[in-house]
Amino acid sequence: MKQTKILPLLLVFVLLNEAVLCLSLTGCQNNSSRPEPLSDTKLALNTYVTITLYDQKKQSLIDQCFDLIDQYEKTFSRTLDYSEISQINQSSDSSFSLSEDTEKILSTALDYARRTNGAFDPTIGTVSSLWNFSAASESETPLIPSDTQIQSALLHVNYQNLSIENHVLTKKDEKTVLDLGAIAKGYIADRLKEYLISQGVTSGIINLGGNVLCIGTKPDGKPFQIGIQKPFEEYSDTIGSISVSDCSVVSSGIYERCFRKDNHFYHHILDPSTGYPVENNLIAVTIISPASVDGDALSTSCMVLGLEKGKKLVESMDDTYAVFITDDYELHFTEGFEEKMMFQP
């Protein structure tokens with residue numbers, strides 16, 4: 001969650017979804033019969049975060065959401081030295097008392113690690129810290145670690161080295177480095193939704209840089225229209241749109257943070273078994289689920305697992321759907337996606 005260069009895709013989703021919502025809610029015209037929503041955008045979590053409220057138009061609610069984001073970042077960040085996760089990573093101790101939120105997010109991460117047999121692994125930190133896919137400036141060269149470094153780091157990537165019991169985390173390997181980057185935004189989005197609902201909000205959008213979480217429906221009772229970006233294309237170019245109410249839409253793709261060097265393409269979705277960017281024919285996955293934490297974990301898991309195993313995983317879960325985009329730009333839907341989500345090309 002280190003704030004360096006803003007990721008292109010994350011800005012795409014902020015702009016794209018706001019444009020789509022503007023079209024569906026107001027027609028992008030001045031219409032006195034349809035009051036404008038209250039919306040605010042700030043830089044957080046290494047991206048642009050937008051909170052939009054349609055009924056409870058209180059700036060104090062949005063301000064509190066950004067305060068909560070700041071608190072969670074100070075808890076889950078791998079790069080902030082004083083965060084709880086960083087303290088665990090830096091310590092040579094084997095046992096750690098966990099805060100409530102850290103226990104919940106780690107327990108969920110370990111559950112997905114077991115479900116995917118390690119395709120999703122929160123202990124990938126020794127490997128992910130070697131790579132740099134987002135140089136701080138255009139003049140900087142993204143970092144490619146040596147194979148020797150990667151193989152050495154892989155020795156400490158194994159979710160089975162972690163266990164949680166009675167609110168205590170135990171690490172079997174003191175060199176294990178936790179990295180919750182593939183699940184933290186989803187968890188945070190869910191907590192923000194809980195807070196806003198507790199304050200009476202019934203219609204809104206939480207957009208954590210592409211992790212879109214809808215609260216209820218549009219003010220007129222109709223579902224929100226969310227666009228799915230076409231990989232490697234211009235920001236406003238969508239491959240389709242879906243109609244959703246009171247659920248999460250999360251996408252992952254190899255085009256989010258990537259670079260090419262020496263005729264080889266590198267991207268940020270790492271395979272925990274190899275330490276290198278995943279190489280299969282998938283270029284993007286979009287997950288629709290009730291909770292954003294599941295969409296976040298599943299989008300990464302499916303990118304690593306590949307099309308067939310990824311579809312099988314998603315179809316094993318209730319009220320959860322996915323569309324996979326392969327490198328030939330063909331769309332592959334899980335059972336029920338097109339009907340339930342009212343997909344429009």
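This is a predicted model: local features need pLDDT of at least 70, side-chain atom pairs count only at pLDDT 80 or more; totals for chains, interfaces and linings use all residues.

Me: How are two packed helices described in general?

Reply: The description rests on the angle between their axes and the distance between those axes. Here, helix H4 (residues 100–115) and helix H7 (residues 184–198) have axes that come within 11 Å and cross at roughly 125°. An angle over 145° would count as roughly antiparallel and one of 65 to 115° as roughly perpendicular; H4 and H7 are therefore oblique to each other. The crossing of H4 past H7 is right-handed.

Me: Which residues make the contact of H4 with H7?

Reply: H4 contributes Asp 101, Lys 104 and Ile 105, while H7 contributes Ala 184, Tyr 187 and Arg 191. By class, these residues comprise 3 nonpolar, no polar and 3 charged.

Me: At what angle do H7 and helix H8 pack?

Reply: The angle is about 170°, and the axes of H7 and H8 (residues 292–305) lie 7 Å apart. H7 is therefore roughly antiparallel to H8. On the H7 side, Ala 184, Lys 185, Gly 186, Tyr 187, Ala 189 and Asp 190 meet Ser 292, Val 293 and Asp 296 of H8. This contact divides into 4 nonpolar, 2 polar and 3 charged residues.

Me: Is Leu 192 buried or exposed?

Reply: Leu 192, in helix H7, has 0% relative accessibility and therefore counts as buried, the limit being under 20%. Beyond residues up to four places away in sequence, Leu 192 touches Ile 51, Cys 65, Leu 68, Ile 69, Ile 206 and Leu 208. The C-alpha atoms of Leu 192 and Ile 62 are separated by 9.6 Å, although these residues are 130 apart along the chain.

Terms used. Residues are numbered from 1 along each chain as its sequence is written. Side-chain values use heavy atoms; hydrogens and water are left out. Axes are lines fitted to C-alpha atoms, for helices over the stretch in contact, and angles run from 0 to 180 degrees between N-to-C directions. Helices (H or I, at least four residues) and strands (E, at least two) are DSSP runs, numbered from the N terminus. Angles under 35 degrees count as roughly parallel, over 145 as roughly antiparallel, 65 to 115 as roughly perpendicular and the rest as oblique. A crossing is left-handed if the near helix is turned anticlockwise from the far one by less than a right angle, and right-handed if clockwise. Contact means heavy atoms within 4.5 Å. Ala, Val, Leu, Ile, Met, Phe, Trp, Tyr, Cys and Pro count as nonpolar, Asp, Glu, Lys and Arg as charged, and the others, Gly among them, as polar. Buried means under 20% relative accessible area, exposed over 50%, partly exposed in between (1.4 Å probe, protein chains only).
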